[in-house]
Amino acid sequence: MLACSLTAMASDDAKMDKFIDDLMSKMTLEEKLGQINLPPGGDIVTGDPQSSDIGAAIVKGQIGGIFNIKGADKAKALQELAVKKSRLGIPLLIGMDVIHGYETVFPIPLALAASWDTSAAETTARIAAIEASAAGINWTFSPMVDIARDPRWGRMSEGSGEDPFLGSRMAEAMVRGYQGKSMQGDTEIMACLKHFALYGAPDAGRDYSTVDMSRLRMFNEYLAPYRAAVNAGVGSVMSSFNVVDGIPATANKWLLTDLLRDYWGFKGFVVTDYGSIGEMQPHGMGDMQSNAAMALKSGTDMDMSSWAFVNTLAKSLQEGKVSMSDIDRAVRLILEAKYKLGLFKNPYKYNNVKREKTDIYTPEHKAEARRVAAKTFVLLKNEGNILPLQKKGKIALVGPLANTAINMVGSWAGAIAPEKYKSLLHGFQDAVGDKANIIYAKGCNVYADAKTEGNVGIWNKNIRDNRTEQELFDEAMKAAANADVIVAAMGELAESSGESSSRSELDLPETQKKLLAALVATGKPVVMLNFSGRSTVMTWENENVPAILNVWFGGSEAPDAIADVVFGDVNPSGKLPVSMPRNVGQVPVYYNHLNTGRPVDNPKGDFIKFKSNYFDVPNAPLYPFGYGLSYTSFSFSDFNLSSDKLSNDGTIRASVKVTNTGDREGAEVVQYYIRDMVGSISRPVKELKHFERVSLAPGESKTVSFDINVDDLKYYHPVDQFKSKSSALSSGSDIEYTAEPGEFQIMVGPDSENVQTLKFTLE
Ligand code: BGC
């Protein structure tokens with residue numbers, strides 16, 4: 001069976017090779033350079049493709065793909081220009097940042113990771129592909145898998161958080177969702193893994209800033225999710241804006257060729273990030289011509305937005321700075337992608353104008369978005385079981401995020417149709433009907449200072465209320481005085497996170513803090529909803545507000561989903577994919593850190609002189625990675641190992657019984673962590689190795705097992721420093737990926753802090 005399919009694949013490949021050989025033999029140099037040029041929509045975003053500059057360039061064969069245009073008609077008109085009017089009729093790649101949905105918007109990727117539900121990640125990517133392909137898109141710039149440990153960096157919102165294992169599982173699920181079986185179906189589009197690599201580790205959390213990292217940290221902590229997506233068959237990779245080992249990723253041969261293609265076996269193409277060949281100049285790498293040549297030779301195949309390949313490579317070829325085979329490699333990979341998408345067979349495969357009317361923002365897609373969003377909310381605190389609220393009496397809904405539909409979707413939602421979405425107020429009103437009275441007041445703007453608010457994104461400017469701070473405050477206090485319970489919708493604007501949205505402070509803006517403190521001071525029960533695209537600081541809130549639900553940015557259906565959880569129709573089950581710091585000074589704080597030579601036994605305890613700790617704040621984050629409460633409770637019991645010895649080719653089974661000890665149905669995420677007690681290099685205090693979501697009825701138990709084998713214990717380390725000789729200029733010898741015999745701890749629990757521990761030995 002396997003032999004048959006391998007033969008079929010080989011003959012498909014041979015057919016593709018022959019087709020592309022024939023096509024390339026007819027192409028002029030100009031047409032070849034056109035194929036590796038990817039400009040943004042430019043004047044066709046709002047204008048008519050036929051009469052646009054971009055349209056004219058397509059006809060001349062100067063463009064291989066285009067991105068971020070909306071509408072099936074427009075996509076079809078562009079495809080027609082390429083197919084009917086250009087000399088060789090080569091169809092276009094039509095790309096878009098479909099990051100967490102198209103018109104049906106799902107939770108931001110960070111929130112999606114909080115569901116710890118890989119099937120949700122796959123389904124939401126599938127639906128995004130169904131909708132985007134109905135509008136002519138055949139390529140999405142997703143998944144973004146950059147590990148992020150520094151919440152000052154706004155793009156933490158676009159990835160799966162701090163953990164390589166969780167990030168890997170989400171990444172591969174998303175690739176499967178977008179690409180389907182093999183990109184053959186007309187709803188199966190090409191995914192683009194980004195941003196390769198290490199973009200999530202900029203100095204000081206400032207977007208686009210310097211990244212400098214040891215190889216061991218790269219391999220053990222940052223690279224895994226990229227590799228998982230490559231293994232899942234992702235069709236394309238986008239390089240990152242930052243430097244890696246001092247060389248911009250855009251032109252880093254070690255990264256794009258030695259690692260990605262030669263070591264990992266990636267077969268697709270590499271596209272730059274927006275204008276990043278141009279940005280090599282301020283990085284200090286030289287002029288446009290030499291940068292374009294360097295990018296091509298290092299393994300970049302497509303130039304996004306710099307127009308550097310089309311404008312300079314012919315000259316570089318003449319001057320011997322690049323070779324025809326460098327250019328041909330890149331052109332071939334772009335043509336292969338088009339072939340694999342089926343565009344040569346049917347260039348209009350994704351231009352089914354009818355489907356745009358029937359397949360976008362359907363009731364089924366909305367229902368799924370609502371279901372998934374509710375799974376992503378993390379209940380951080382629920383003193384006295386204030387939540388869920390009953391649908392009765394008078395409920396004050398207060399706060400700057402309470403009545404703004406456009407801010408529910410989060411950043412990077414380029415295809416939204418905000419007129420179709422609800423605000424939270426509307427969601428609450430629909431949920432309670434005539435059973436309860438919702439009294440709304442805005443209370444304050446997100447930032448008191450209009451300039452700061454103006455710096456955030458472009459969509460949010462319409463939500464500013466020009467009444468004075470005092471007027472807004474007084475109105476909220478009046479609403480609160482009239483109510484039995486207060487729900488405070490606080491936090492960031494949708495675009496406070498995302499690209500170019502770094503913050504230096506992570507707590508609520510002053511004006512919101514003042515309002516929240518006054519609401520709490522009324523003595524009435526207060527529930528805080530925290531809207532955020534990153535982990536935020538809620539130290540004061542944790543001390544003073546009885547209930548906190550972290551709702552991230554849940555997408556177009558967030559208001560209904562929040563109402564589902566607040567009023568108890570759905571039991572919250574989200575778990576943090578990032579540690580939540582106590583203050584900015586703790587950043588970066590992450591659970592899988594090394595132990596140091598001077599660890600503290602109790603990371604929440606008092607300061608100890610000459611240990612690795614702060615004298616003004618404990619080491620432990622406010623809320624740990626993996627943490628999240630439920631309206632029910634769970635117990636973990638009977639944790640056991642089938643053996644305390646593991647052989648190199650064997651398996652041992654860890655099992656734990658999880659019981660719903662409360663009185664309502666709920667889901668728990670069982671998390672297994674491993675610690676390597678002795679290694680040839682220092683090892684993390686724990687690393688996530690397995691997780692499973694289980695739904696349990698009241699009183700019900702399930703046993704959750706994890707079969708451990710040697711692969712779960714492997715990591716990257718230098719070959720023995722005493723055996724191999726390293727030169728004075730290299731930091732050590734070669735790196736290998738093996739498990740080392742010795743003692744291990746296996747831990748299980750409902751979060752990364754609250755675990756039970758057993759030991760075993762690898763023989
Ligand atoms: C972002 C990418 C995005 C690209 C195209 C860049 O600014 O970094 O994530 O895919 O623009 O819109």
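## Close-up views of a predicted model

**Figure 1. The surface and overall build of the protein.** The protein exposes about 29100 Å², and 51% of that area comes from carbon and sulfur atoms. Please keep in mind as you browse these views that the model is predicted. Along the principal axes, the C-alpha atoms fill a box of roughly 75 × 65 × 55 Å. A compact globule of 763 residues would have a radius of gyration near 27 Å, and the protein agrees with that, since its value is 27 Å. Of the 763 residues, 59% are buried. Among contacts with a separation of 6 or more, 78% are made by residues 24 or more positions apart. The secondary structure comes to 21 helices and 26 strands.

**Figure 2. Strand β16, covered on both faces.** Here we zoom in on strand β16, which spans residues 547-550. In a regular strand, side chains alternate between the two faces of the sheet. Ala547 and Leu549 lie on one side of β16, Ile548 and Asn550 lie on the other, and all of these residues are buried.

**Figure 3. The neighbours of β16.** Which strand pairs with β16 in the antiparallel sense? That partner is β11 (residues 378-382), and the pairing runs over four bridges. Within this pairing, Leu379 stands opposite Leu549 of β16. Strand β15 (residues 526-531) also pairs with β16, this time in the parallel sense and over four bridges. There, Val527 stands opposite Ala547 of β16. To get from β15 to β16, the chain passes through helix α20 (residues 539-544), and this β-α-β crossover is right-handed.

Figure 4. The side chains of Lys253 and Asp258 meet in a salt bridge, with an N to O distance of 2.9 Å. In general, side chains of opposite charge can pair when their charged atoms come close. Lys253 counts as partly exposed, because its relative accessibility is 45%. Asp258 also counts as partly exposed, at 27% relative accessibility.

Figure 5. Glu510 forms a salt bridge with Lys513, and their closest N and O atoms are 3.8 Å apart. How far apart are Glu510 and Lys513 in helix α19 (residues 510-521)? They are three residues apart, so about one helical turn separates them. Glu510 counts as exposed, at 59% relative accessibility, whereas Lys513 is partly exposed, with a relative accessible area of 24%. Elsewhere in this view, salt bridges that share partners join Arg370, Lys422, Asp430, Asp560 and Asp564 into one network.

Methods
Residues numbered from 1 in each chain as written. Predicted model: local features only at pLDDT ≥ 70, side-chain atom pairs only at ≥ 80, totals over all residues. Heavy atoms only, no water. Buried < 20%, exposed > 50% of the residue type's maximum accessible area, 1.4 Å probe, protein only. Helix = DSSP H or I, 4+ residues; strand = E, 2+ residues; numbered from the N terminus. Pairing = 2+ DSSP bridges. Right-handed = clockwise from strand over helix to strand, strands pointing away. Rg over C-alpha atoms; globule rule 2.2 N^0.38 Å. Contact = heavy atoms within 4.5 Å. Areas by Shrake-Rupley, 256 points an atom, 1.4 Å probe, with all protein chains shown as cover. Salt bridge = Lys/Arg side-chain N within 4 Å of Asp/Glu carboxyl O.
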